[in-house]
Amino acid sequence: MRLGPRPATLGLLLLCAAAAGAGEAEELHYPRGEHRADYDREALLGGEEEVDEYVKLTPEEQHKRLKSIIKKIDLDSDGFLTESELSSWIQMSFKHYAVQEAKQQFVEYDKNTDGSVSWDEYNIQMYDRVIDFDENTALDDAEEESFRQVSTCAQAFDHISSLYLPLHLKDKKRFEKANQDSDPGLNLEEFIAFEHPEEVDYMTEFVIQEALEEHDKNGDGFVSLEEFLGDYKRDPTANEDPEWILVEKDRFLNDYDKDADGRLDPQELLSWVVPNNQGIAQEEALHLIDEVDLNSDKRLSEAEIMESQDLFLTSEATDYGRQLHDEYFYHDEL
């Protein structure tokens, strides 16, 4: 029996289509090279409903909630926000929303509402049916086999991953690793670890090993530049590498290979395969100080922030204004 259209496959196609539309989004965000602050609110508050909530707040309430957030960022209560304090706050914000998203997903996946997400429930939510493929057994049905090894269209993004990745099998391994007790399903904390392994310490080794299995072709425990670039081979008729290869080589040499030994060890590999929230947060903190610091003392006072409120509310420091609507951030007790 042949299978009908699958949500996972459709999702991957939509992901590729989204990448193709990235240029259009960039034009909307920076028309004629000028930054549109209102685009940040529209695109990053989380949807029209949250944008409407932002607009409904009176200026007085906006000021009140923003001042409350400023006090929470100011860990030493000296009246100023430093790069370190801003960076720590932004990282905490990242983690908070990742956990909140996983909690919402947990309710959707837990079909029988027993407080646990089973592997079958995960399959039904993700693929609309129960799938249980053996890791080492290829299937006779060509369509089934192609689904067992789902194309992630990774080459459309990084150009460095294999064209076909056993996505479903990877999910199952991660599911099993996230499960820390004798219950075959995942409780909420385990489900968070499954959805966001980068946020949970006991998943770190699994993330590293998974990356090594995929990229370490010679099995030496490291990822060389050649392995980092995947299946790329230079066109023999070309005089030089394409632009994306030059970019990837630069990332390998200057961003990931910290000890400059020409290969990525497990910790360096982790900085590549896991989103570097710390680096993003530090960059945003420095950007805010550069833009808002009126007296050039490398820190921000409440007065400086209120003077540049619009900029602050379209930054990661307030998750683009979202924190003004989340009591977790502006309430007196955090």
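1. The expected span of a helix is taken here as 1.5 Å times one less than its number of residues. Helix 11, which runs over residues 204-215, may be read against that rule. With 12 residues, helix 11 reaches 17 Å from its first C-alpha to its last, close to the 16 Å expected at 1.5 Å a residue. The structure is a predicted model, and the points below should be read with that in mind.

2. On the chain as a whole, the secondary structure comes to 18 helices and four strands. The chain has 334 residues, and buried residues make up 40% of them. Among contacts between residues at least 6 apart in sequence, 58% join residues at least 24 apart.

3. Helix 11 contributes several residues to the buried part of the chain. Its buried residues are F206, V207, I208, A211, L212, E214 and H215. Q209 also lies in helix 11. Is Q209 buried, partly exposed or exposed? Q209 has a relative accessible area of 36% and is therefore partly exposed, since the partly exposed class lies between the 20% limit for buried and the 50% limit for exposed. In space, the C-alpha of Q209 is 9.1 Å from that of G221, a residue 12 places away in sequence.

4. R174 belongs to helix 9, residues 167-178. R174 counts as buried because its relative accessibility is 16%, and buried means under 20%. Which residues does R174 contact, leaving aside its neighbours within four places in sequence? They are F194, P197, M203 and F206. For F206, the C-alpha separation from R174 is 7.7 Å, although the two are 32 residues apart along the chain. F206 is itself among the buried residues of helix 11.

5. Helix 6 (residues 83-109) packs against helix 10 (residues 188-195) at an angle of about 115°, with the axes 9 Å apart. That angle makes helix 6 roughly perpendicular to helix 10, because the roughly perpendicular class runs from 65 to 115 degrees. Helix 6 passes helix 10 in a right-handed crossing. On the side of helix 6, the contact is made by V99, A102, K103, Q105, F106 and Y109. Helix 10 supplies L188, F191, I192 and E195. By class, this contact has seven nonpolar, one polar and two charged residues.

6. Helix 6 also meets helix 5, which covers residues 59-73. The axes of helix 5 and helix 6 come within 9 Å and cross at roughly 110°. These two helices are therefore roughly perpendicular to each other. Which residues form this contact? Helix 5 contributes I69, K72 and I73, while helix 6 contributes E85, L86 and W89. By class, the contact of helix 5 with helix 6 has four nonpolar, no polar and two charged residues.

7. The buried residues of helix 5 are Q62, R65, L66, S68, I69, I70, K72 and I73. Among them are I69, K72 and I73, which take part in the contact with helix 6.

8. A260 lies in the loop between helix 13 (243-256) and strand 3 (263-264). Although A260 is not a glycine, it has a positive phi of about 55°. A260 is exposed, with a relative accessible area of 66%.

9. Where does K298 lie? K298 is in the loop between helix 15 (277-292) and strand 4 (300-301). Phi of K298 is near 65°, a positive value in a residue other than glycine. K298 has a relative accessible area of 66% and is exposed.

Notes
Residues numbered from 1 in each chain as written. Predicted model: local features only at pLDDT ≥ 70, side-chain atom pairs only at ≥ 80, totals over all residues. Heavy atoms only, no water. Axes fitted to C-alpha atoms, helices over the stretch in contact; angles between N-to-C directions. Parallel < 35°, antiparallel > 145°, perpendicular 65-115°, else oblique. Left-handed = near helix turned anticlockwise from the far one by under 90°. Contact = heavy atoms within 4.5 Å. Nonpolar A, V, L, I, M, F, W, Y, C, P; charged D, E, K, R; others polar. Buried < 20%, exposed > 50% of the residue type's maximum accessible area, 1.4 Å probe, protein only.
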